[in-house]
Amino acid sequence: MAEKRDYYEVLGVQKGASDDEIKKAYKKMAIKYHPDRNPDNKEAEEKFKEAAEAYDVLRDPDKRARYDQFGHAGMDGAGGFGGQGFNMNMDDIFSMFGDIFGGRMGGGGPFSGFGFNGGGGRTAQRHHGSDLRLKVKLTLEEVAKGATKKFKVKKDVTCSHCNGTGSKDGKTETCGTCHGSGHITHTVNTMFGRMQQQSVCSTCGGKGTVIKNKCPHCSGTGVVTGEEVVEAQIPAGIQDGMILTIQGKGNAGRNNGYAGDIQVYVEVEPHSELSRRDNDLVYNLLLDLPTAVLGGSVEIPTIDGRVKIKIEPGTQPGKTVRLRGKGLPALQGYGYGYGDLIVNISVYIPETLNKEERHAFEKMQGGENFTPSQTTKSSFFQKFKNLFS
């Protein structure tokens with residue numbers, strides 16, 4: 001497969017282009033390579049799809065930010081067209097960018113009345129089902145390994161009695177609004193004079209026919225209320241607040257239209273011992289005084305279970321220990337490899353002492369090894385400052 005061109009290059013705009021400039025540039029490209037203007041032209045069709053893919057990414061602030069930082073690699077696994085190559089359905093392009101392709105979808109948009117609507121405006125409009133929103137709660141362990149979540153979703157589903165057509169017997173009759181033409185013609189005044197403009201008939205949706213006997217189970221809509229078990233694949237490394245899109249699993253579109261999507265909002269539950277900092281994990285270790293002074297080994301939690309780490313003699317409060325690769329995996333498109341586990345060490349100072357303990361500390365008080373030097377003081381306060389900065 002040929003290497004993808006830069007999205008800004010595809011639309012002919014600079015990297016800092018405004019949203020309005022990007023939209024205007026895409027509209028210009030879409031008109032130039034529109035399939036109704038270039039029938040049976042495979043090259044024009046590919047350029048039309050390429051422009052749609054570029055626009056889909058650059059019009060979205062989140063996708064655009066990822067693309068600006070990581071290039072095409074940042075689009076792997078992204079929702080929408082970005083990251084899916086050029087294997088796009090033409091109807092999906094027209095439906096997603098309805099504000100651009102109003103004439104194709106029956107909205108009287110920029111292509112209406114100029115011969116770019118395929119068959120004189122007779123292109124039938126397909127209804128789009130609405131999107132659904134779900135929330136999924138994940139543990140930190142699920143974030144580390146990825147997870148599969150299943151939801152039982154109540155939604156509009158295709159009517160099984162009429163197979164989504166909305167017709168009781170499959171019979172139709174000529175639309176009384178457009179008299180079977182599938183479009184309505186208007187005369188409008190423009191700067192070029194009076195012109196005729198066509199739009200898809202809103203009564204029949206461009207079909208030219210309407211249902212004669214409506215299905216009693218769905219009242220002619222082709223959809224009924226039902227439920228479906230939907231599976232969501234949660235990628236490892238996902239972050240709290242991210243949104244996953246499950247395409248085509250939302251409400252069914254009326255009369256065999258396009259199904260909507262499901263937006264899955266991710267909420268990562270707090271861990272009892274570990275906290276997250278990007279792909280790193282952080283653990284705050286509180287040492288007892290003898291271990292800090294004499295050294296030893298202590299057990300700490302990791303995402304894969306508990307492990308022992310070595311504590312050097314004379315370990316100071318504020319010291320950090322970094323366990324390489326013991327953090328979380330980078331989400332695909334946001335980097336590579338694993339983060340680290342950062343252990344922040346503090347030392348517990350006893351609040352009460354018995355007689356023997358107090359006597360032992362009184363003997364040490366003022367001893368050469370128990371009096372910090374100026375260098376030690378400076379080093380300690382710098383570590384303390386770094387810990388909270």
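Where does histidine 179 sit among the strands? The close-ups below work through that and a few other spots in this predicted model.

View A. Histidine 179 is found in the loop between strand 3 and strand 4 (183-190). For context, most residues other than glycine have a negative phi. Histidine 179 has a relative accessible area of 65%, and the cut-off for exposed is over 50%, so this residue counts as exposed.

**View B. Asparagine 163, a non-glycine residue with a positive phi.** Here we're looking at the loop between strand 2 (147-158) and strand 3 (172-174), which holds asparagine 163. Buried or exposed: which is asparagine 163? Exposed, with a relative accessibility of 58%.

**View C. Proline 216 and glycine 166, 50 residues apart along the chain.** Zoom in on the loop that links strand 6 (209-211) with strand 7 (223-234), and you'll find proline 216 there. Proline 216 has 59% relative accessible area, which makes it exposed. Between the C-alpha atoms of proline 216 and glycine 166 there are 8.6 Å, with 50 residues separating the two along the chain.

**View D. Helix 2 against helix 3.** How do helix 2 (residues 19-33) and helix 3 (residues 42-58) cross? Their axes come within 9 Å, at an angle of roughly 165 degrees. Since angles over 145 degrees count as roughly antiparallel, that label applies to helix 2 and helix 3. The crossing of this pair is left-handed. On the helix 2 side, the contact is made by Ile22, Lys23, Tyr26, Met29, Ala30 and Tyr33. Helix 3 brings Ala44, Lys47, Phe48, Ala51, Ala52, Tyr55 and Leu58 to meet them. By type, the contact residues come out as 11 nonpolar, 2 charged and no polar.

**View E. Isoleucine 309 in the largest nonpolar core.** The largest nonpolar core has 38 residues. Which of them touch the most other members? Those are Ile234, Leu285, Ile300, Ile309, Leu341 and Val343. Focus on isoleucine 309 and skip its neighbours within four places in sequence: what remains in contact with it is Leu285, Gly296, Ser297, Val298, Ile300, Leu323 and Val343. There's also a second, separate core, made up of 22 residues, with Ala17, Met29, Ala44 and Ala52 among them.

Conventions: Residues are numbered from 1 along each chain as its sequence is written. This is a predicted model: local features need pLDDT of at least 70, side-chain atom pairs count only at pLDDT 80 or more; totals for chains, interfaces and linings use all residues. Side-chain values use heavy atoms; hydrogens and water are left out. Helices (H or I, at least four residues) and strands (E, at least two) are DSSP runs, numbered from the N terminus. Buried means under 20% relative accessible area, exposed over 50%, partly exposed in between (1.4 Å probe, protein chains only). Axes are lines fitted to C-alpha atoms, for helices over the stretch in contact, and angles run from 0 to 180 degrees between N-to-C directions. Angles under 35 degrees count as roughly parallel, over 145 as roughly antiparallel, 65 to 115 as roughly perpendicular and the rest as oblique. A crossing is left-handed if the near helix is turned anticlockwise from the far one by less than a right angle, and right-handed if clockwise. Contact means heavy atoms within 4.5 Å. Ala, Val, Leu, Ile, Met, Phe, Trp, Tyr, Cys and Pro count as nonpolar, Asp, Glu, Lys and Arg as charged, and the others, Gly among them, as polar. A nonpolar core is a set of buried Ala, Val, Leu, Ile, Met, Phe, Trp, Tyr and Cys residues joined through side-chain atoms within 4.5 Å.
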